[in-house]
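Walk through this structure with me.

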Amino acid sequence: MSAFSSAVRGMIEYLEPVLSYVGDATYQGRVMRPEACDFRFGNPQEMPLPEIQQALTKWAEPKDKDWFAYKFNDPAAIKVAVDSLRRRVGIDFDPLDISMTTGAFGALASTLRAVVDPGDEVIYLSPPWFFYVPMILQLGAKPVRVDFTPPQFELPIDAIEWHITPQTRAIIVNSPHNPSGRVFTPDELERLSNVLEASHRTIYLISDEAYSRILFDGREFHSPVRYYDRSFLIYTYGKTLVSPGQRLGYIAMPPSMPDREELREALFVSQLALGYAFPNALMQYAMEDLEKVSVDVDALQRRRDRIVSALTEMGYETVNPEGTFYVMVRSPIADEREFTRHLGDQDVFVLPGGMFELPGWFRISLTANDSMVERSLPGFERAIDSVRVGKT
Ligand SMILES: Cc1ncc(COP(=O)(O)O)c(C=O)c1O
């Protein structure tokens with residue numbers, strides 16, 4: 001008999017491609033070499049923004065005896081969130097409806113825990129962020145996959161409608177979307193809202209807005225929360241600050257949410273029972289300063305432009321992202337795992353689409369630095385040439 005619970009077994013099976021990829025020691029050794037160009041994950045490839053250290057140092061000095069006592073929702077941090085959301089999303093959130101979390105991970109897990117029962121169905125859009133499915137399985141609920149169609153990645157509203165059943169309890173929507181970089185339009189969100197409204201059973205929309213401040217070409221972000229009353233807004237500072245190891249984020253329920261008094265309590269208890277999914281005290285104090293800090297989005301955009309135009313010229317098909325820090329590229333051969341090995345031979349490391357339910361494609365992270373981008377381009381060219389002339 002297996003030592004794992006069945007929920008964990010399901011999670012391991014689902015994450016197998018990711019676990020075997022990151023657990024491959026030979027491969028890891030090659031990625032760590034200084035000449036390697038590592039485009040796999042949204043990890044920092046440059047020194048952290050100095051303002052992060054300044055904020056943490058400033059707030060590390062205790063001002064009272066409870067400075068490092070248990071902190072749930074620090075009022076000063078909540079105020080920062082409310083002001084920021086008013087400015088960015090255009091909704092006046094009640095401070096009582098903000099729950100401080102350990103980034104989007106903690107926010108998503110707590111929200112799902114609060115509203116989903118075993119046997120419920122949760123719709124997610126594919127390709128997804130890696131951990132939606134494990135989080136749904138963790139609750140004994142059923143993940144229901146609805147596919148985007150590349151390269152457009154439009155919100156698949158008809159398909160969502162077909163997949164709604166009497167068991168559907170929630171849908172997770174991620175805009176700007178990792179990995180395609182799509183920012184969904186007001187028209188798409190309006191149509192989605194109409195479909196969800198038509199369900200007999202209450203469906204909650206969980207809006208993963210991890211990348212809502214990483215937008216290109218002066219694009220505006222439209223929060224799905226503005227279009228559907230029963231929404232939870234999920235935010236994390238990990239992306240804007242490119243510091244995912246410093247956990248800070250929140251859940252926000254709009255004033256339009258029915259039963260929000262009960263839901264506040266449900267979220268609070270879920271956060272506790274999940275193992276204290278509240279951010280460290282220090283991160284909450286520093287939020288006032290961290291709110292003003294951001295990765296250089298213009299630099300990301302320049303990097304996007306450089307990669308997309310260079311790869312297009314070489315003959316790759318790319319998706320030009322409207323936000324996030326990812327670029328999707330179609331593999332020139334059907335087996336993208338094999339193609340990413342050719343890239344690996346050139347010291348260029350990208351994420352094969354099979355790891356996020358989209359075989360035939362691969363993802364490049366723009367958190368790479370500029371010199372890495374320049375160094376990688378000849379490798380990208382040699383890799384596509386090698387499959388063109390059948391040298392493989
Ligand atoms: C779409 C999406 N949601 C949530 C997360 C988790 O964010 P955090 O680690 O800041 O909690 C990520 C991180 O990669 C993400 O890409």
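Asparagine 178 places a polar side-chain atom 2.8 Å from an oxygen atom of the ligand. Such a polar contact is a pair of N or O atoms within 3.5 Å. Arginine 247 has a side-chain N or O atom 2.7 Å from a ligand oxygen. Phenylalanine 105 uses its backbone: a polar atom there is 2.9 Å from an oxygen atom of the ligand. The protein covers 94% of the 390 Å² of accessible area that the ligand has on its own (Shrake-Rupley method, 1.4 Å probe).

This is a predicted model: local features need pLDDT of at least 70, side-chain atom pairs count only at pLDDT 80 or more, and totals for chains, interfaces and linings use all residues. Residues are numbered from 1 along each chain as its sequence is written, and side-chain values use heavy atoms, with hydrogens and water left out.

Which residues come nearest to the ligand? Of the 13 around it, they are Asp208, Tyr211, Thr236, Lys239 and Arg247. A residue counts as near if one of its heavy atoms lies within 4 Å.

Now the sheet. It is open and mixed, with 7 strands in the order 2-8-7-6-5-3-4. Strands are DSSP E runs of at least two residues, helices are H or I runs of at least four, and both are numbered from the N terminus. Two strands pair if DSSP finds at least two bridges between them. Strand 2 (98-101) and strand 4 (142-147) are the edges, each pairing on one side only.

Strand 2 runs antiparallel to strand 8 (residues 249-252), joined by 4 bridges. Serine 99 stands opposite isoleucine 251 of strand 8.

How values were computed
A polar contact is a pair of N or O atoms within 3.5 Å; within protein, one must be able to donate a hydrogen and the other to accept it, and residues adjacent in sequence count only if both atoms are side-chain atoms.
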